[in-house]
Amino acid sequence: MSEHRIERLGHQGDGIATGPIFAPVTLPGEVVRGTLDGSILRDVKVVAPSEDRVSPPCRHFPACGGCQLQHASDLFVADWKGGIVRQALAAHGLETDFRPIATSPAQARRRATFAARRTKKGAMAGFHGRASGTLIEVPDCRLVHPDLLPGLDVARDLALIGVSRKGALAVTVTLSEVGLDVGVTGGKPLDGPLRALLAQTCEKLGLARLAWEEELIASRLPPVQDFDGCAVVPPPAAFLQATKHGEEALRAAVIEALGEARPIADLFAGAGTFALPLARQAEVHAVEGEAAMIAALDRGWREAKGLKRLTSETRDLFRRPLLPDELARFEGVVLDPPRAGAEAQVAELARALVPRLAYVSCNPVTFARDAATLVAAGYRLDWVQVVDQFRWSAHVELAGCFTIR
């Protein structure tokens, strides 16, 4: 056993002592004791706890790997997540104003991916254990919405019919306006008998929709998502903001950042999380790389009432970003790229100097890289809104407002 003082948290939520030595479920300032296994401290015992340490609200923590920070106070987590964004910006010499963090409440996650496998006596479903392949059942999970917990039973039923004893399913369950929208990967190859059995299971369990390896098996009811009053049926496994609260916080930040800009381009538009609500106030051109997402967005716009003109385009913005002559007609642009950021598109925006940009990011590092490019070209980063919709995790999301200096 050796004793160490935790100096800081790493970006994955582990405490870090001199070495570096990584100690899970610890906090800065704590004195801890454990057994060194390379750079990992095992069997950690807290000798002197931090004032920021709290009792975890969920009985499955810390065995379950779904959460990393339930042992830390809400105030500590908020400051730490804001600090991650500040550090990323500081690495490029950037500073800005930070709005108070918007943190989603407990039991708000409307989407989760459960692991499921067969056992000798039946099947089990839950989340993987911390840094392990062990499956932890989580019947009292405090993270996901209560209406999502029946997805655990769905995952077990699907494991009984769709995976070998040596395999494991990844069962993504999403709340919709009409029931659970389920997508499965890791299962047996589809054949006629399995397809028929899965369709029967979808009916028996009352699922809205069931997809297997992204192939649609059955759709009892269109799994509608409500984007601020606009009804959309995204394709199976489509991206969706993790919580309704987080979606609303990011949408409010985007609307504020764009101000009176007209018209607007929504780049990496997905199924219309921002494009459709924005079409209430402005003409919008939505661009997304996945044709099925654009089809869902376009259908949602056509069926909505009172929206202004919305055009859409399927286009890979990593390989074919909008060029300055295409951007010239827009007064505002929304960017909501994946974790890799929007380096190619940002380079063209830096040339075009569209008056107002709203940048939504799930990766502070790539956001800061892109922000540095924009600032160097003549933009000002007016403010940042951190949104914590992945409560008790190390994940950070944010929206930033850019205007021309």
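Student: Why does F127 count as buried?

Tutor: F127 has 12% relative accessibility, and buried means under 20% relative accessible area (exposed is over 50%, partly exposed in between; 1.4 Å probe, protein chains only). F127 therefore counts as buried. The model is predicted: local features need pLDDT of at least 70, side-chain atom pairs count only at pLDDT 80 or more, and totals for chains, interfaces and linings use all residues. Residues are numbered from 1 along each chain as its sequence is written, and side-chain values use heavy atoms, with hydrogens and water left out.

Student: What makes the pair of F114 and F127 tilted?

Tutor: Rings of Phe, Tyr and Trp (its six-membered ring) pair if their centres lie within 6.5 Å; planes under 30 degrees apart are stacked, over 60 edge-to-face, and the rest tilted. Here the centres are 5.3 Å apart and the planes stand at 40°, so the pair is tilted. F114, at 1% relative accessibility, is buried as well.

Student: How many aromatic pairs does the whole structure hold?

Tutor: The search finds four. Y359, F367 and F402 form one aromatic cluster.

Student: How do you know that R86 sits over the ring of F98?

Tutor: A charge sits over a ring if NZ of Lys or CZ of Arg is within 6 Å of the ring centre and within 35 degrees of the ring normal. The charged end of R86 is 4.1 Å from the centre of the F98 ring. R99 likewise lies over the face of W383, at 4.1 Å from the ring centre.
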